[in-house]
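Look over the sequence and the model below.

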Amino acid sequence: MNDEKKVQKAQEAYRANQIQTASREQLLLITYDIGINACKAAEEALRKNEVEAVNENLKRAQAVLRELMITLDVETGGEVAQNLLRLYDFMYYRLVDANVRKDVLLVVAVREMFQELRNTWVEVIEKLKAEELLVKQEEVRTSPVSAVSQSGHQGGVDFAG
């Protein structure tokens, strides 16, 4: 096995481990990353006139959008989820159109949408983590154990009297 194949195998193993141990939020960001990278690869293939690579990468980006659509919980997510579903559908058909026309500008537009969505989710995830941290800090601050330790007593039995 040559060095290039060893590196590729190691990268595949790393990616598989990353996916298996990822949270739901991390999986969403990884999914967006795959879509972004597929669009970038399609853009490059279009510039080089590599029709087969264009098709492969656009199909990969379309598969990402299908996965995002399938996993979207429209009932729980309400109007926001409905709007995301419509946007994913729009992006999907833009990629179909880009593949038929071999139009790099359509691919760029979809990639930019992927990136904007990813950036938005990063912000949402950071805000949720910050809120969770505040809630945990408040729980610790107001818990009976915390109140005793804040009063200066170390616990245990007071034999002094």
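Contact means heavy atoms within 4.5 Å. Helices are DSSP runs (H or I) of at least four residues, and strands are runs (E) of at least two, numbered from the N terminus. This is a predicted model: local features need pLDDT of at least 70, side-chain atom pairs count only at pLDDT 80 or more, and totals for chains, interfaces and linings use all residues. Residues are numbered from 1 along each chain as its sequence is written, and side-chain values use heavy atoms, with hydrogens and water left out.

**The chain**

The chain has six helices and zero strands. It has 161 residues, and 26% of them count as buried. Buried means under 20% relative accessible area, exposed over 50%, and partly exposed in between (1.4 Å probe, protein chains only). Take the contacts between residues at least 6 apart in sequence: 61% of them join residues at least 24 apart.

**H4 against H5**

Two packed helices are described by the angle between their axes and the distance between the axes. Axes are lines fitted to C-alpha atoms, for helices over the stretch in contact, and angles run from 0 to 180 degrees between N-to-C directions. The axes of H4 (residues 74-101) and H5 (residues 104-142) come within 8 Å and cross at roughly 155 degrees. That makes H4 roughly antiparallel to H5, a label for angles over 145 degrees.

Which residues of H4 and H5 meet? In H4 they include Leu84, Tyr88, Met91 and Asp97; in H5 they include Leu106, Val110, Phe114 and Trp121. The residues of this contact divide into 14 nonpolar, no polar and three charged. Here Ala, Val, Leu, Ile, Met, Phe, Trp, Tyr, Cys and Pro count as nonpolar, Asp, Glu, Lys and Arg as charged, and the others, Gly among them, as polar.

**The core**

A nonpolar core is a set of buried Ala, Val, Leu, Ile, Met, Phe, Trp, Tyr and Cys residues joined through side-chain atoms within 4.5 Å. The largest one has 28 residues, and Leu65, Tyr88, Met91 and Phe114 have the most contacts inside it. H2, H3 (51-71), H4 and H5 each give two or more residues to this core.

Ala42 lies in H2 (residues 24-47), and Asp97 is found in H4. The contacts below leave out residues up to four places away in sequence.

| Residue | Relative accessible area | Contacts |
|---|---|---|
| Ala42 | 0% | Val54, Asn57, Leu58 and Val107 |
| Asp97 | 17% | Lys102 and Leu106 |

Note on methods:
Angles under 35 degrees count as roughly parallel, over 145 as roughly antiparallel, 65 to 115 as roughly perpendicular and the rest as oblique.
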